[in-house]
Amino acid sequence: MPHFEVDELRDFAREALVGIGLDDAGAEVAAGCLVEANLRGVDSHGVLRLLQYHRSVSSGEVNPRPSVEVIRSAGPTALVDAGGGYGFVPALRAMEAAVELAGVHGIGLVGVRNSHHYGMAAPYAERATAAGLIGVAMTNTGPVMAPAGVTRPIVGNNPIAFAVPRRPPAAAIVLDMALSGTAFGRIRLAAAEGRPIPLGWAHDAAGEPTTDAAAALAASLLAPMGGHKGYGLSVIVEVLTGILTGSPFGRESDAHRHLAGGVGHLFIVVRPDLFVEREVFEESVESWVRELKSAPARPGAEVLLPGEIEQRTRAERLVTGVPVSVELARQLESLAKALGLATRLPAG
């Protein structure tokens, strides 16, 4: 696959988002988040999403220039209204507020209502670790998943991200997971590239397992991670993000098609010294890491921390560039032509 320089790809994404209708500041933040996902190897949440955003905004289903404001604040909590726009700017604003509140109260709990897709969840949780704090980020999505035996989507894949700080220069421990067997964006990417998907990722319209990415897209029916466990977690996250923030939930939620805003997010930040001394916390984390890393393993096997694969991929892609399939590059070039962009996709 061709590889693209990170700065050039980010510039392209920003110009495309402005062409789609976002203001300069919103486009800057969103482009940074999309390319960050590509850097980490989470390409399903990268520049591929420009195609989807163009469709949603051009059809009048997402507000490209919302007014984002804090509408409620009490003690260690706050609520941000995203105004029906994409979730990138309000999510960052909410996490920054949660970090500030945790500095004062020991914990910060900030919700976002009336939002849309906010990309990869991990970078928001990691904002807390930059301040030496524990971060949690979660969101609901439109219904794309159902438990075994159900033929219509009834819950979202509702991703959750956790980030735990470590002593510098060690990278944070980061877990970012959707509650389906895979993120729907990976199926979308496979469909765009004409690839089959692994069995167990999704069902077809009859509720049967399928390897056909197009059939999975048509049915919009993902399989839950861990069967009933993934389904149960998704139900709870729907309560915490959709219902608790006063956003659409269940069948009414949609991260791409709801002009007033179709999903909610929740951000939690915890100061480690809330319960133990910071030195005790830090040493205990490092002790736990050493224990994990020293676990007996077969030759050639390695114990990896949550997020370590993405961190290694990021370091590699900063040097080698971001790989983009020929088919996706072609679609992005077509988008650039449709938007009349002066900035075009750089040669890979």
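This briefing describes selected local features of a predicted model, grouped by topic.

Local features need pLDDT of at least 70 and side-chain atom pairs count only at pLDDT 80 or more, whereas totals for chains, interfaces and linings use all residues. Residues are numbered from 1 along each chain as its sequence is written, and side-chain values use heavy atoms, with hydrogens and water left out. Helices (H or I, at least four residues) and strands (E, at least two) are DSSP runs numbered from the N terminus.

**Asparagine 158**

- Asparagine 158 lies in the loop between β5 (134-139) and β6 (160-164), and has a positive phi of about 35 degrees although it is not a glycine.
- The residue is buried, with a relative accessible area of 0%, where buried means under 20% relative accessible area, exposed over 50% and partly exposed in between, with a 1.4 Å probe and protein chains only.
- Its side chain makes a polar contact with the side chain of glutamate 238 at 3.0 Å, and a polar atom of the asparagine 158 side chain lies 3.0 Å from the backbone nitrogen of threonine 141.
- A polar contact is a pair of N or O atoms within 3.5 Å; within protein, one must be able to donate a hydrogen and the other to accept it, and residues adjacent in sequence count only if both atoms are side-chain atoms.
- Not counting residues up to four places away in sequence, asparagine 158 touches Thr139, Asn140, Thr141, Leu179, Ser234, Val237 and Glu238, contact meaning heavy atoms within 4.5 Å.

**Strand pairing**

- Strands of a sheet pair through backbone hydrogen bonds, either parallel or antiparallel; two strands are taken to pair if DSSP finds at least two bridges between them.
- Four bridges join β5 to β6 in the antiparallel sense, and methionine 138 stands opposite isoleucine 160 in β6.
- β6 also pairs with β7 (residues 173-177), antiparallel and over five bridges, with isoleucine 173 in β7 as the bridge partner of valine 164.
- The loop between β6 and β7 holds proline 169, and the peptide bond from proline 168 to proline 169 is cis, with omega near 5 degrees.
- An open sheet of three strands has the order β9-β8-β10 with antiparallel pairing, and its edge strands, β9 (209-210) and β10 (221-222), each pair on one side only.
- Serine 220, in the loop between α7 (213-219) and β10, has a positive phi of about 50 degrees although it is not a glycine.

- Helix α4 (residues 88-105) has 18 residues and reaches 25 Å from its first C-alpha to its last, close to the 26 Å expected, the expected span being 1.5 Å times one less than the number of residues.
- The buried residues of α4 include Phe88, Leu92, Met95 and Leu101, and the helix is followed by glycine 106, whose phi is positive, near 95 degrees.
- Seven of the eight residues of α5 are buried, so α5 is largely enclosed by the rest of the structure; what covers its buried residues includes α2 (24-39), α4, β5, β6, β7 and β11 (263-270).

**Second largest pocket**

- The second largest pocket has a volume of about 260 Å³, and of the 16 residues that line this pocket, the closest to its centre are Thr129, Ala130, Pro165, Arg166 and Ala170.
- A pocket is, on a 1 Å grid over the protein atoms alone, an open set of points where a 1.4 Å probe fits, with protein on both sides within 12 Å along at least five of seven lines, and lining residues have an atom within 4 Å of a point.
- The volume is the space filled by probe spheres set on the grid points, which are joined across faces, edges and corners.
- α5 (122-129) and α9 (278-293) each supply at least two residues of the lining, and α9 gives the most, with three residues.
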